[in-house]
Amino acid sequence: RNRQAKEKRRARDASASSSCRRGLVQADLPDLRQARALWQQHRFPAALALFDKAVRKHPRNATALIDASRAFGARFEIERAEQLLDRLLRLAGPDPRIAHLCGQSYRMVPRPDKAIACLQRVIGDRHCPADAYLELAVLYERRGRLGEAAAVVRECLARWPDGPMALKSS
C-alpha cells in the first residue's frame, strides 16, 4: 500500500510539473494543506511559518508562492508578499494564468500598479477570463482612470455579449 501511494504521488507530481512551463510546479503540498488548516483555525503565526517552509522547500511551486504571498499580505507583511509574487512572475515568464493570479494577489496586497500591469498582460491573451477585465476596470476606477475603466468594460461586453450579468444591469 505504501509503495502504491508513493507511486501515485510521484505520478501526480510528475504530471503537474510536466504541464508547467519553465519548470514551474503547480502541485499542492502537505505543508500547504496544513498551513491552510491552521489559517482557518486563526493560528496565523503557525500558518505563516508553514507557508514560509513550503516556499523554502519548494521555491518553484506556483501554488506555494501564491498561497504564501496572499497569507503574508493578509497579515500586513507586504514586502514579503511582494517578493514572493515578483519571484513567481520571474519564474512563470509570459504565462497569462500565472499573471492573472499575480494580478489578483497584487490587488489584495495592495500593490495596484503591479496588479494593473499583470492584468493588462492577461487581457491580451485570447483565453483571458471575464473577471480579469472586471478586476482591471475596478483598479482603473479606483485610480481615477474612468475612461480606461469604461473602455475595459466595453471591451469585456464586446467579447462576451452574453457575459457577466452584473454589467448589463448597470
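Reader: How many residues does the protein have, and what percentage of them count as buried?

Author: Buried means under 20% relative accessible area with a 1.4 Å probe, protein chains only. Of the 170 residues of the protein, 40% count as buried. The model is predicted, so that local features need pLDDT of at least 70 and side-chain atom pairs count only at pLDDT 80 or more, while totals for chains, interfaces and linings use all residues. Residues are numbered from 1 along each chain as its sequence is written, and side-chain values use heavy atoms, with hydrogens and water left out.

Reader: Which elements make up the protein?

Author: Helices are DSSP runs of H or I with at least four residues, strands are runs of E with at least two, and both are numbered from the N terminus. The protein has 10 helices and zero strands.

Reader: Where does asparagine 61 lie, and is the residue buried or exposed?

Author: Asparagine 61 is in the loop between α3 (44-57) and α4 (62-74). Asparagine 61 counts as buried because its relative accessibility is 2%. A polar atom of its side chain lies 2.8 Å from the backbone nitrogen of alanine 64.

Reader: How is the packing of α3 and α4 to be read?

Author: Two packed helices are described by the angle between their axes and the distance between the axes. Axes are lines fitted to C-alpha atoms over the stretch in contact, with angles running from 0 to 180 degrees between N-to-C directions. The axes of α3 and α4 come within 9 Å and cross at roughly 150°. The two helices are therefore roughly antiparallel, a term for angles over 145 degrees. On the α3 side, the contact (heavy atoms within 4.5 Å) includes Leu48, Phe51 and Val55, and on the α4 side Ala64, Leu65 and Phe72 are among the residues involved.

Reader: What is the handedness of the crossing of α3 and α4?

Author: A crossing is left-handed if the near helix is turned anticlockwise from the far one by less than a right angle. The crossing of α3 and α4 is left-handed.

Reader: At what angle do α5 and α6 cross?

Author: Helix α5 (residues 78-92) and helix α6 (residues 96-108) cross at roughly 165°, and their axes come within 10 Å. That makes α5 roughly antiparallel to α6. Leu85, Leu88 and Leu89 of α5 are among the contacting residues, as are Ile98, Cys102 and Tyr106 of α6. This crossing is left-handed.

Notes:
Buried < 20%, exposed > 50% of the residue type's maximum accessible area, 1.4 Å probe, protein only. Polar contact = N/O pair within 3.5 Å; in protein donor to acceptor, adjacent residues only side chain to side chain. Parallel < 35°, antiparallel > 145°, perpendicular 65-115°, else oblique.
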